[in-house]
Amino acid sequence: MTPQSTFMVLAPIDPRREAELRGLLASMNDAPGRVNAGNALIPFAEFDTLHFARFVILDDKTQEDVRVYGLPVRTYPLYLAFLGDIDGDRNAFLGKLVKRAGRGLQSIFSCCEGFASDTDLVAWMKDHETASAAAYVNWRGRTVRRIREEAALKAALDEYVGSHVPALTGIPPREILSKLQQFVNAEKSAGRLALSDEDPTPMGWWIRNALHLIGIPLLFLLALPLLIVIAPILLIRLRRLEKTDVELCSRVDQAYSDALALLEDCDVTNQFNAMASRKPGLVRLWTLLGILATVDYAARHIVRHGRLGRIRTIHFARWVLLDGRKRGVFFSNYDGTVESYMDDFINKAGFGLNAIFCNAIGYPRTNWLVLDGCSDEQKYRSFLRRHTLPSQVWYKAYPGLTAIDLERNRRIREGLQSSSMSEQEAREWVALL
């Protein structure tokens with residue numbers, strides 16, 4: 001298995017060069033929301049381990065909410081975020097990225113503060129890396145290579161079945177499977193199909209994953225006596241804060257919403273960014289950190305492959321805390337429309353959504369952390385739309401394929417490699433076609 005990793009380079013933009021930066025990023029797109037994967041600055045398609053990538057200018061439009069909430073408004077720098085989801089080691093990927101697209105990256109990052117013409121690009125990017133507080137991978141170990149090979153396999157099988165309907169009609173499913181196995185073996189022998197074996201899982205990853213799996217529960221057990229004393233106090237204090245929270249769910253500016261819509265629904269998969277300021281106080285900070293740590297642990301060790309709770313449409317997602325944990329950003333890559341995405345969270349993961357976002361200024365008022373909140377759909381949708389940020393550049397390595405498609409293609413491949421199937425199993429496998 002080749003595990004996935006992520007990177008995020010975050011740097012303040014030189015205010016004098018903001019317009020130039022926006023122009024550079026716009027030049028990477030063929031049309032709004034449609035990146036040219038072979039653009040001259042960063043030819044994303046040439047990196048065969050890159051799943052998703054984006055450039056986002058973190059232009060927080062909701063600082064006025066902070067003032068209304070009764071807090072002093074802070075002046076934050078305008079950040080450029082460059083992030084991606086990759087197969088294998090991120091340091092190795094960054095090295096390849098700089099080697100192939102160094103000039104393009106220099107052109108982009110030269111618009112950021114602290115970047116000079118003689119700057120060591122790899123070292124600068126590593127110095128400006130920002131870790132995620134929590135992250136989710138739809139199917140750890142499913143590489144870009146595997147996705148593309150399985151998509152090609154599905155297309156070849158579709159073509160074969162479509163041209164052999166009379167010969168395949170009326171015969172038992174196991175016989176259909178046998179004929180398709182013979183067809184695929186012939187295609188592989190002729191070099192028209194490739195189904196590569198998986199690389200060995202790096203030993204370092206196994207060790208780190210085992211330490212995380214065991215270490216977090218051990219730390220929890222060690223802290224349990226203290227938590228038993230503190231938790232009731234925190235919960236009571238949290239409930240008092242909830243009762244007095246200020247809701248700031250006014251309707252989003254229509255022009256801003258229309259501009260966001262231009263970047264949405266350009267493919268079966270979409271990008272999403274949401275930024276907000278954290279409510280003040282240690283109670284809110286500890287609550288947020290505890291919830292994000294729980295989400296991160298569950299995503300790595302507990303939830304089923306392909307599912308974040310009951311949501312099956314998310315490919316990759318991450319939560320990142322910025323500016324001394326006073327602000328946070330949520331990034332994701334999801335299938336479907338933004339409306340269906342919000343519906344998924346409300347109906348399938350509302351308690352988790354509330355637990356995280358109730359700590360953001362302006363979120364609909366919650367009740368004991370997980371109740372109410374997003375159940376007021378109109379307020380939740382207004383809140384989320386006002387906090388949504390556009391991606392100036394967004395890349396997906398396998399356009400047209402949803403997470404459900406990837407799971408189906410995996411099952412098709414595994415069925416072809418099976419040496420024995422019952423008639424019922426074969427019937428279910430044939431139904432995938």
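Visitor: What covers the buried residues of α1?
Guide: The cover includes β2 (29-31), β4, β5 (79-87), α3 (90-109) and β12, where contact means heavy atoms within 4.5 Å. Helices (H or I, at least four residues) and strands (E, at least two) are DSSP runs, numbered from the N terminus. This is a predicted model, where local features need pLDDT of at least 70 and side-chain atom pairs pLDDT 80 or more, while totals for chains, interfaces and linings use all residues. Residues are numbered from 1 along each chain as its sequence is written, and side-chain values use heavy atoms, with hydrogens and water left out.

Visitor: Which residues of α1 are buried?
Guide: In α1 (residues 18-26), Leu21, Leu24 and Leu25 are buried. They cover an arc of only 95° around the axis, so they sit on the same side of α1; the arc is that of the directions from the helix axis to the C-beta atoms. Buried means under 20% relative accessible area, exposed over 50%, and partly exposed in between (1.4 Å probe, protein chains only).

Visitor: And what does arginine 22 form a salt bridge with?
Guide: Its partner is glutamate 18, with the closest N and O atoms 3.0 Å apart. A salt bridge here is a side-chain nitrogen of Lys or Arg within 4 Å of a carboxyl oxygen of Asp or Glu. Both residues lie in α1, 4 residues apart, about one turn of the helix. Arginine 22 counts as partly exposed at 30% relative accessibility, and glutamate 18 is partly exposed at 25%.

Visitor: How many salt bridges does the structure hold?
Guide: There are 32. One of them joins lysine 279 and aspartate 245, whose closest N and O atoms are 2.8 Å apart. Lysine 279 lies in the loop between β7 (269-277) and α10 (282-301) and aspartate 245 in the loop between α8 and α9 (254-261), so the pair ties together parts 34 residues apart in sequence.

Visitor: Is lysine 279 buried or exposed?
Guide: Lysine 279 is buried, with a relative accessible area of 1%. Aspartate 245 is buried too, at 3%.

Visitor: Switching to strands, how do β4 and β12 pair?
Guide: Strand β4 (residues 50-58) and β12 pair in the antiparallel sense over 4 bridges; pairing takes at least two DSSP bridges between the strands. Tyrosine 395 in β12 is the bridge partner of alanine 53.

Visitor: Where is arginine 54 found?
Guide: Arginine 54 is in β4 and counts as buried at 2% relative accessibility. Its C-alpha atom is separated by 6.6 Å from that of serine 391, 337 residues apart along the chain.
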